[in-house]
Amino acid sequence: MKSLAAVTLGLFVIAACVLAIAQSSAPIQLPQVHLDAEGLVPRPIEQLTGTTVAHHYALAWRDLAVALESGRTDALGEEFVGFAHDRLTRRIGEQEQAGLHVRIVDHGHNLKAVFYSSDGTAMQLLDQAQLEIQTFDGDKLLNTQNAPHEYIVLMTPGADRWYIRDLEEVSAKSF
Amino acid sequence: MRRILENGFALFTRFTVLALLCGSANWASAAELQVPAVVEAGRGFSISVDGSGQATFYLVGPDHLVKRTVSLGGDLQIQSSDVRAAGRYQIIVCGSSCTSATFEVKAAQPAHLSFFLHPSRVPVSSPDSIDASAFVFDQYFNLVLTPAAVNFRITPASGTGFSRQVMTRRGVAWMRLNSTPHEGRVQVTAVLGNVEEARVIQQVAAEACGLRMKTVASGNRVTLETDPVRDCSGNTLPDGTIVSFTKIDKLGKSTVDTPIKKGIARVQFSLHGRVQISVACGVVLGNEVALNGGL
């Protein structure tokens with residue numbers, strides 16, 4: 001009877017693992033990003049630009065979540081460049097070496113564009129993100145942060161997308 | 001079936017408890033963390049960790065991660081190299097249980113300016129035609145969010161220079177200014193403390209002003225020549241600027257576009273009876289002349 005119990009437990013564990021693998025390999029939905037560009041200076045934003053910025057910001061967070069959980073720097077995708085890319089690459093590399101991983105449950109971003117240069121080469125945005133961030137060492141959950149997170153973001157345009165050049169978490173006072 | 005499940009669950013629970021006991025066998029009592037709320041980038045500091053025995057210490061930052069075994073009950077040194085990137089950091093100490101605390105790293109003193117000047121060429125005497133934006137970064141390329149005064153020093157090729165001070169907001173200082181009346185290069189320098197970044201734009205003549213032509217008739221031909229083409233500030237329009245001469249006679253209307261050479265545009269027409277000729281440069285119309293040809 002004990003062996004049957006062990007088999008049952010084994011099946012349960014396998015089922016749980018398959019479910020977990022299925023969940024992790026399923027395409028991750030883009031997080032919701034709402035962009036507010038009212039009162040933007042020194043130039044207003046075009047509707048198409050706004051849509052593109054929000055879309056690529058969502059892509060960036062999706063890729064970041066995958067990279068932080070998998071420990072793969074290549075999962076960062078093309079949305080991050082410059083300092084932002086260098087910093088995240090270093091962080092993910094060190095995280096992987098230490099055996100840690102981070103899971104981000106993304107409940108959405110409220111972006112506010114606050115500066116858009118006249119020549120259209122730089123846009124600064126503030127992000128109020130609803131994130132649940134879980135830090136694991138191996139399988140051990142070390143910590144869960146479930147508070148709102150605020151970020152200051154610098155984006156620059158490329159040929160077909162907007163890149164994140166700087167992403168810094170700041171205190172809410174900066175808003 | 002129920003019994004099978006009960007046995008399975010008991011076995012699972014036993015394994016889990018055993019695993020937890022193994023995992024925490026060498027660990028001591030829970031730690032209490034005392035960390036500063038805000039730290040300047042690149043400045044090491046120490047934190048106080050209560051408790052006794054050994055624990056695993058984690059520092060999770062935007063660009064860096066530290067994991068090491070530490071002894072509880074003393075101060076832990078955080079190296080300056082561990083806190084170079086601005087942002088929110090998390091410290092987690094795991095003994096028998098995990099304790100965590102967060103702190104914020106703010107940018108250090110301004111050390112770099114990222115300066116944009118737009119456009120690269122601008123007509124003279126145009127209001128609000130030049131945009132200057134400066135992003136302020138510290139030595140680790142963190143955006144300096146503390147307000148700082150950026151001086152924009154404008155140095156035209158001729159005439160006196162001037163400067164304007166703008167406070168940064170969220171690390172950005174920007175302003176608009178008028179182009180000056182004289183063509184030539186204008187250097188704009190963003191200055192913050194000892195940090196300077198210079199950019200140059202070219203001011204070019206604006207639209208033509210008071211465009212006039214004169215005629216020199218010779219038989220059935222006439223040569224039309226403008227006075228030196230200048231803008232309203234007296235700057236000569238650059239060579240290559242197109243001037244259009246339009247002739248209307250009994251054969252109809254014909255236009256000749258010709259570039260300015262050495263400040264003057266010149267063209268030759270043949271005349272057929274009564275002719276009316278006008279001159280234009282861009283959106284500016286010049287004078288008209290009426291002539292009588294021989295045919």
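Biologist: Let's start with a helix. How many residues does helix α2 of chain A have, and what span does it reach?

Modeller: Remember that we are looking at a predicted model. Helix α2 of chain A covers residues 47-70, which is 24 residues. From its first C-alpha to its last it reaches 35 Å, close to the 34 Å expected at 1.5 Å a residue. Just after α2(A), look at A:G71, with a positive phi of about 75°.

Biologist: Which residues of α2(A) are buried?

Modeller: First, the general idea. An α-helix has 3.6 residues a turn, so residues three or four places apart point the same way. Now the case here: the buried residues of α2(A) include A:V53, A:Y57, A:W61, A:L64 and A:L68. A:H56 and A:R62 are on that list too.

Biologist: What covers those buried residues?

Modeller: Several elements of chain A do, among them α3 (82-98), β3 (100-116) and β6 (148-157).

Biologist: Let's pick one residue in that strand. Is A:I152 buried or exposed?

Modeller: A:I152 sits in strand β6 of chain A. You decide by counting neighbours, and 20 or more C-beta atoms within 10 Å make a residue buried. A:I152 has 22 C-beta neighbours inside 10 Å, so A:I152 counts as buried. Also look at A:L126: it is 26 residues from A:I152 along the chain, yet their C-alpha atoms are separated by 4.7 Å.

Biologist: On to chain B. What does its secondary structure come to?

Modeller: Chain B has 1 helix and 23 strands. Of its 295 residues, 30% are buried.

Biologist: How do I read a sheet? What is the strand order in the open sheet of 3 strands?

Modeller: Read across the strands, from neighbour to neighbour. In chain B the order is β1-β3-β6, with antiparallel pairing. β1 (33-34) and β6 (74-78) of chain B stand at the edges with a single partner strand each, so one side of each is left without a neighbour in the sheet. Strand β3(B), residues 45-49, is joined to β6(B) by 5 bridges. For one pair to find on screen, B:S48 has B:D75 in β6(B) as its bridge partner.

Biologist: And where are the domains of chain B?

Modeller: Chain B is divided into domain 1 (23-106), domain 2 (110-204) and domain 3 (213-292). The C-alpha centres of domains 2 and 3 of chain B lie 41 Å apart. Where these two meet, 6 residues of domain 2 are in contact with 4 residues of domain 3. The domain 2 side of that contact divides into 3 nonpolar, 2 polar and 1 charged.

How values were computed. Residues numbered from 1 in each chain as written. Chains lettered and ligands numbered in written order. Predicted model: local features only at pLDDT ≥ 70, side-chain atom pairs only at ≥ 80, totals over all residues. Helix = DSSP H or I, 4+ residues; strand = E, 2+ residues; numbered from the N terminus. Expected span 1.5 Å × (residues − 1). Buried ≥ 20, exposed ≤ 12 C-beta atoms within 10 Å, placed from the backbone. Contact = placed C-beta atoms within 7 Å. Pairing = 2+ DSSP bridges. Domains from an automatic or database assignment. Nonpolar A, V, L, I, M, F, W, Y, C, P; charged D, E, K, R; others polar.
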